[in-house]
Amino acid sequence: MTAPVKKISVKEKELSERKTPWRSVYVIAFLLLLTGLQMSIYFTSTWQYLSENDETVTVDFFGVLLALQALSSAFANPLFGYWNQVSSSTRKPVFCACAIAGFGNVLYGLAYLAPPFVKWVMLFSRILTGFSPGALGICFIPLGKEGFYIGPFLINMYTSAAIFMSIASVFSILLTYFCLEENYVGIISKEEKSQDPYFVLPKFDRLPVLLLFYMWWLMCGVVCVESMAAPVTIAMYNWSREDAVLYNGIIQTLSCVFTFIVNFSLASTKLKTIDNRLLLLSGLVFFEIFFIFHMPLPFYPGPLDRPGSLNSSISEIGRCEFDWCDSTPRVPLPLYLVICSAIIGLGFPLISSTSSSLLSQIIGPRKQGTVQGFFAFTGAFSQFVVSLFSTRLFELSGYKWIMVYHWSIVTIAIISTLLLWRRLVPLKMTPSHGEATRYKLGTFYRM
């Protein structure tokens, strides 16, 4: 008895025979690398740079800064996505985003020259860089706080990162202009649809798409935990500001190594043949483990150390200066190092790669600029909301309820994934005989 042969439509066959413009793929991958640097390079040093140049700054203001950067990214993502969809151009949105981000990085690097408005200049600079969405941060630590001067400009461990990213933004524009080929091999254009009057592109299933939006909200909210690493570790382990930059940079580097290994395996080994749903569920389990062990569990050692004076800030010597310190245990340092490097590093790529891949597959071979823009908006808006309440919660009650919140939404995500398991599948281009299938103008049946 022979197995039934899967029937595919002519359009599906044409899509499978198209050749991918690999040079453009490599260009986009490199631009994503620069975007990742843009996000991670400031995580370990922004708080230190801000507090050392403006004594009036508080952890609350730091949260507002992170939140507004995320909010600018939230609004920019759907705008650039819509621009891409209506213009069928990738270059112009990239040029615009990189130019704005480059200017924002220049402002960040020069913020120390504007007392007493340092925090406001830095706030505006991070809003601009939010339009272009750390391991690299530790590379600039040898320059120290003092650094050196080129004319009136200070080059130190904080400003050098901004200079580097400004140069990277200019390079991104040149790379896009000369090397990017705009060839959308996985999209069925309007012209192609009009050539075949019998061709029908089914509607995609919206509920699993909403679940993937929720996954992106969840994952990008976790980024806020990483951005809070400096004040959290200073409070828990009595690290100085310089130690916090160095040690958290090393932890992020190790996390990135684990993330790279997983992403490489997903692309180049048998791991890519595993069901995306299983990979997604595995990433959620890693996140579940991370947040459980990051909670101040009652059997952890403690309480946290406090200095003689009580001020609502993180001091230079590295002590916890909040009222909640007297009743909060610390996560054991070896355990903290493991969960913040290995566990979170393994979880991120399993969720980010599979969520993006599943979203594209569920939507199908149609223009996705607007949907992908709102997908990115969800993540950026998550960072805006979570940054605001995380820093406020940290000042009021420590990191306990921050971890409880993240653990709760991860648990909901695991349950939702299991409930929608059968619907988290690619768009079915060729439905079964007699199966009702919705499309733009109504419902059709394949006879």
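Colleague: What is the volume of the largest cavity?
Modeller: The model is predicted, so local features need pLDDT of at least 70 and side-chain atom pairs pLDDT 80 or more, while totals for chains, interfaces and linings use all residues. Residues are numbered from 1 along each chain as its sequence is written, and side-chain values use heavy atoms, without hydrogens and water. A cavity is a set of points, on a 1 Å grid over the protein atoms alone, where a 1.4 Å probe fits but cannot get out, and its volume is the space filled by probe spheres set on points joined across faces, edges and corners. For the largest cavity, the volume is about 220 Å³.

Colleague: Which residues are the closest to the centre of the largest cavity?
Modeller: Lining residues have an atom within 4 Å of a cavity point. The largest cavity has 20 of them, and the closest to its centre are V225, E226, A229, Y336 and C340.

Colleague: Which helices each supply at least two residues of the lining of the largest cavity?
Modeller: Helices are DSSP runs (H or I, at least four residues), numbered from the N terminus. Those that each give at least two lining residues are α9 (206-227), α10 (229-237), α11 (241-268), α12 (276-294), α13 (333-363) and α15 (400-419).

Colleague: Is C224 buried or exposed?
Modeller: C224 belongs to helix α9. Leaving aside neighbours within four places in sequence, C224 is in contact (heavy atoms within 4.5 Å) with Q383, V386 and S387. The relative accessibility of C224 is 4%, and therefore C224 counts as buried.

Colleague: Which peptide bond is cis, with omega near 5 degrees?
Modeller: One of its two residues, P116, has its place in the loop between α5 (91-110) and α6 (118-129). The cis peptide bond runs from P115 to P116.

Notes. On a 1 Å grid over the protein atoms alone, a cavity is a set of points where a 1.4 Å probe fits but cannot get out, and a pocket is an open set with protein on both sides within 12 Å along at least five of seven lines; lining residues have an atom within 4 Å of a point. Buried means under 20% relative accessible area, exposed over 50%, partly exposed in between (1.4 Å probe, protein chains only).
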